[in-house]
Amino acid sequence: QVQLVESGGGLVQAGGSLRLSCAASGSIFSINDMGWYRQAPGKQRELVATITSGSNTNYADSVKGRFTVSKDNAKNTVYLQMNSLKPEDTAVYFCKAGVTTRTYYRMDFWGKGTLVTVSS
């Protein structure tokens, strides 16, 4: 019904930057919120940052001041600008979208994830 495609992951040195993108497509009536979560090896998935349809944002304490979430409504795309990256930011980053579908169901959809590796 709804597909999320992430891009922008990769290998970067500590202190460097990366920008992740996530584009949503499919049976979308409206997007209520979008966000990024991450899962490091051996750990549970955790919230990184979210942004609502009204552009309200929320960040994990560990990324405040370093990461910025933004969106392009026309493209149904959410971005995560990651600066001052640390080795502990290494994880698979997942995009999530809260969507009202064209059949008026409210559902959450997840992308497949993109790997971010920060070397020390």
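I started at Ser21, whose bridge partner in E8 is Tyr79. The model is predicted, so I kept its limits in view: local features need pLDDT of at least 70, side-chain atom pairs count only at pLDDT 80 or more, and totals for chains, interfaces and linings use all residues. Numbering runs from 1 along each chain as its sequence is written, and side-chain values use heavy atoms, with hydrogens and water left out.

Next, the strands (DSSP runs of E, at least two residues, numbered from the N terminus). Strand E3 (residues 18-26) pairs with strand E8 (residues 77-82) in the antiparallel sense, over 6 bridges. I counted strands as paired if DSSP finds at least two bridges between them.

I then traced the sheet. It is open, has 4 strands in the order E1-E3-E8-E7, and pairs antiparallel. Strand E1 (2-7) and strand E7 (67-72) are the edges, each pairing on one side only.

I looked for charges over rings (NZ of Lys or CZ of Arg within 6 Å of the ring centre and within 35 degrees of the ring normal). Arg19 puts its charged end over the ring of Tyr79, 4.0 Å from the centre. Arg45 lies over the face of Trp110, 4.7 Å from the ring centre.

Last, aromatic pairs (ring centres of Phe, Tyr or the six-membered ring of Trp within 6.5 Å; planes under 30 degrees apart are stacked, over 60 edge-to-face, the rest tilted). I found 2 in the whole structure. Phe29 and Tyr104 form an edge-to-face pair, 5.1 Å centre to centre, with 65 degrees between the planes. Phe29 is in strand E4 (residues 28-39) and Tyr104 in the loop between strand E9 (91-101) and strand E10 (106-110), 75 residues apart.
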